[in-house]
2 protein chains.
Amino acid sequence: MKPGTNIVDPASLAQKHVDAVREEITGDALKIRVLGLIATKDKPSLAYARATKKKFDNVGIDYDLQHIERLDLENAILDANADHTVHGIFVYYPVFHNQQDDYLRNQVDFRKDIEAGSIYWTQKLYTNDRRVNKDSTQKALLPCTPLAIVKLLTEIGRYAEDIERPINDKTVTIFNRSEVIGRPLAMMMSNDGARVYSFDINGPLLFKDAVPEETEITRTQALMESDIIITGVPSADFKKISTSEFRDGTLCINFSSISNFAEDVSEHTDVFIPRVGPMTVAMCIRNTLRLYRNFHE
Amino acid sequence: MKPGTNIVDPASLAQKHVDAVREEITGDALKIRVLGLIATKDKPSLAYARATKKKFDNVGIDYDLQHIERLDLENAILDANADHTVHGIFVYYPVFHNQQDDYLRNQVDFRKDIEAGSIYWTQKLYTNDRRVNKDSTQKALLPCTPLAIVKLLTEIGRYAEDIERPINDKTVTIFNRSEVIGRPLAMMMSNDGARVYSFDINGPLLFKDAVPEETEITRTQALMESDIIITGVPSADFKKISTSEFRDGTLCINFSSISNFAEDVSEHTDVFIPRVGPMTVAMCIRNTLRLYRNFHE
């Protein structure tokens with residue numbers, strides 16, 4: 001098979017979800033406003049911010065992108081929480097590159113947290129609480145990137161729809177166990193039937209049926225066992241995964257800003273998805289609509 | 001001056017606070033129960049856990065130390081939150097050595113959070129909200145280690161009592177800007193009048209009157225300007241501070257498990273406090289009593 005044949009770009013797969021939101025917003029003439037807050041001069045981050053603004057604007061959401069100093073960010077979030085004309089808040093991370101970023105993530109009112117990265121939403125996921133709040137029948141939000149990865153797998157037909165265990169008996173390895181992406185993703189995929197090896201710098205855990213357990217498995221063993229490999233390690237120190245480490249026909253997804261795969265892996269994969277970003281933005285747009293329907297209408 | 005002359009051990013300074021709590025508990029015949037949860041086999045951590053249990057037991061608090069697997073810790077915390085016979089919860093960190101530890105810290109009900117390390121309490125400190133809750137006149141809890149450092153400075157007469165700005169015009173450098181120690185401490189000390197240079201791996205900030213601002217100051221400049229140097233970097237990579245880096249007569253405090261000072265600094269200091277632990281435990285004991293009075297009586 002020719003190099004590049006199996007590469008799937010998420011932008012086209014995301015379009016369907018973006019279009020569905022636009023139709024609903026247009027159909028019901030909804031007036032939704034999102035505040036985007038960016039506190040970095042990093043050029044790729046600024047480009048990403050402009051791209052997200054364009055995506056939101058395109059579906060008919062008023063996306064107000066504001067550049068602020070990092071030390072003003074907390075107050076800007078608190079002001080936006082109190083501002084009834086703001087229905088959703090999007091913060092561009094990293095800001096302080098330390099625990100303070102997690103503190104800030106939790107300053108966003110959960111009713112405006114379109115990334116669903118605050119403890120309010122991740123805790124619901126970890127405890128398998130599917131409702132917005134205890135008096136509601138509405139569904140809880142899911143964090144954008146884990147949800148985006150599941151949607152990408154669904155779009156390419158590797159995550160069954162409308163069945164109890166859509167990814168039953170598959171083995172998945174995820175490199176990343178952050179609280180906003182890796183751990184929620186391991187919980188979601190194992191809850192949907194997969195055996196998930198979750199690696200971080202301190203070693204692996206095995207998730208089955210949304211329950212983690214200790215495991216002694218090595219990177220080599222886990223990769224060779226896997227039907228799906230998902231990577232999100234934003235470090236140049238990570239040893240890139242090469243074709244010799246997995247079986248031909250494995251499905252590979254990278255969501256790190258640095259590719260965690262050696263450049264030539266695609267021709268040995270089932271499908272290679274080198275980035276997730278556009279689907280993440282689509283899921284943030286979807287979450288925005290859901291927050292508006294749940295809390296602001 | 002002879003080596004070691006200026007070294008102050010916090011154990012004797014902590015005793016007064018421990019005794020005050022014991023008197024109150026005995027006097028009012030209070031029945032207070034704390035659950036300590038430890039999920040490591042690390043020997044120094046186990047020794048520290050036994051030592052804390054003894055301290056709590058000695059003031060008349062029933063301290064139930066339980067060893068559990070790290071993957072059972074979250075449920076143990078949730079069970080303790082729901083258990084009306086448990087008035088305080090003490091968790092020994094690190095557990096997962098990643099963001100999941102911060103997640104766990106926030107699973108502890110704030111009414112039982114004797115370390116005051118959850119967002120509920122740190123947010124009150126950051127926003128200068130001094131009350132337990134909006135309907136209360138009772139004082140909010142402060143995180144144990146920052147509070148312990150302030151109390152140590154008070155005990156040795158370097159933090160005035162009963163005045164508006166107890167540490168006015170002093171310059172302080174703190175190496176550590178974690179959400180549970182370094183940042184709260186910088187906020188507290190600058191709120192009390194100090195100019196605080198706060199360093200972490202990403203560089204410095206300057207706190208004045210509980211407001212951080214950007215600064216270009218170097219380690220060398222900050223140390224030379226400082227009246228007080230406080231270190232908490234648990235990394236062997238940190239370049240230990242030597243006597244040539246600060247003025248003779250500077251007050252130095254280390255709260256890291258690894259000393260961040262070169263061994264021979266004490267004779268060039270005003271006072272050298274090589275560890276904070278015993279005062280931290282005393283402040284946890286004090287917080288326990290305060291939580292009991294506020295929420296469980």
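This note goes through the predicted model point by point, from the pairing of the chains down to single residues.

1. Symmetry of the pair. Chain B can be laid on chain A with an RMSD of 0.0 Å.

2. The chain A–chain B interface. In this contact, 18 residues of chain B meet 18 residues of chain A. On the chain B side, helix 4 and strand 7 (211-214) are the elements that give two or more residues. Helix 4 of chain B gives the most, with four residues. By class, the chain B side has four nonpolar, seven polar and seven charged residues. Of the interface residues of chain B, 100% are also interface residues in chain A, so the copies meet through the same surface.

3. Domains of chain A. The domain assignment gives two domains. Domain 1 is made of three stretches, 14-114, 127-142 and 280-296. Domain 2 covers 146-277. Their centres, taken over C-alpha atoms, are separated by 26 Å. Six residues from domain 1 and seven residues from domain 2 make the contact. On the domain 1 side, helix 9 (residues 277-296) of chain A supplies the largest share, three residues. That side holds three nonpolar and three polar residues, and no charged ones.

4. A:Thr288 in helix 9. A:Thr288 sits in helix 9 of chain A. Is A:Thr288 buried or exposed? The cut-off for buried is 20 or more other C-beta atoms within 10 Å. A:Thr288 has 27 C-beta neighbours inside 10 Å, so A:Thr288 counts as buried. Leaving out residues up to four places away in sequence, A:Thr288 touches A:Ile32, A:Val34, A:Ile61, A:Gly88 and A:Ile114. A:Arg33 lies 255 residues from A:Thr288 in sequence, yet the two are 9.1 Å apart in space, C-alpha to C-alpha.

5. The three-stranded sheet. Chain A has an open sheet of three strands in the order 2-1-3, with parallel pairing. Strand 2 (62-67) and strand 3 (88-91) are the edge strands, and each pairs on one side only. On average, neighbouring strands are turned by 20° against each other, direction ignored. Four bridges join strand 1 (residues 33-38) to strand 3 of chain A in the parallel sense. A:Gly36 stands opposite A:Phe90 of strand 3.

6. Helix 3 over the sheet. Helix 3 (residues 73-82) of chain A lies across strand 1 and strand 3 of chain A. The helix runs at about 175° to strand 1 of chain A.

7. Helix 7 and its surroundings. Helix 7 (residues 182-191) of chain A is mostly covered, with nine of its ten residues buried. Among the buried residues are A:Arg183, A:Pro184, A:Leu185 and the run A:Met187, A:Met188 and A:Met189. What do the buried residues of helix 7 pack against? Within chain A, the partners are helix 5 (119-126), helix 6 (144-155), strand 4 (171-175), strand 5 (195-200) and strand 6 (203-208). Helix 4 (99-105) of chain B is a further partner. Just after helix 7 of chain A, A:Gly193 takes a positive phi of about 115°.

Key:
Residues are numbered from 1 along each chain as its sequence is written. Chains are lettered from A and ligands numbered from 1 in the order in which they are written. This is a predicted model: local features need pLDDT of at least 70, side-chain atom pairs count only at pLDDT 80 or more; totals for chains, interfaces and linings use all residues. A residue is buried if 20 or more other C-beta atoms lie within 10 Å of its own, exposed if 12 or fewer, and partly exposed in between; C-beta atoms are placed from the backbone. Two residues are in contact if their C-beta atoms, placed from the backbone, lie within 7 Å. Domain bounds come from an automatic or database domain assignment. Ala, Val, Leu, Ile, Met, Phe, Trp, Tyr, Cys and Pro count as nonpolar, Asp, Glu, Lys and Arg as charged, and the others, Gly among them, as polar. Two strands pair if DSSP finds at least two bridges between them. Axes are lines fitted to C-alpha atoms, for helices over the stretch in contact, and angles run from 0 to 180 degrees between N-to-C directions. Copies are superposed by least squares on the C-alpha atoms of residues with pLDDT of at least 70 in both.
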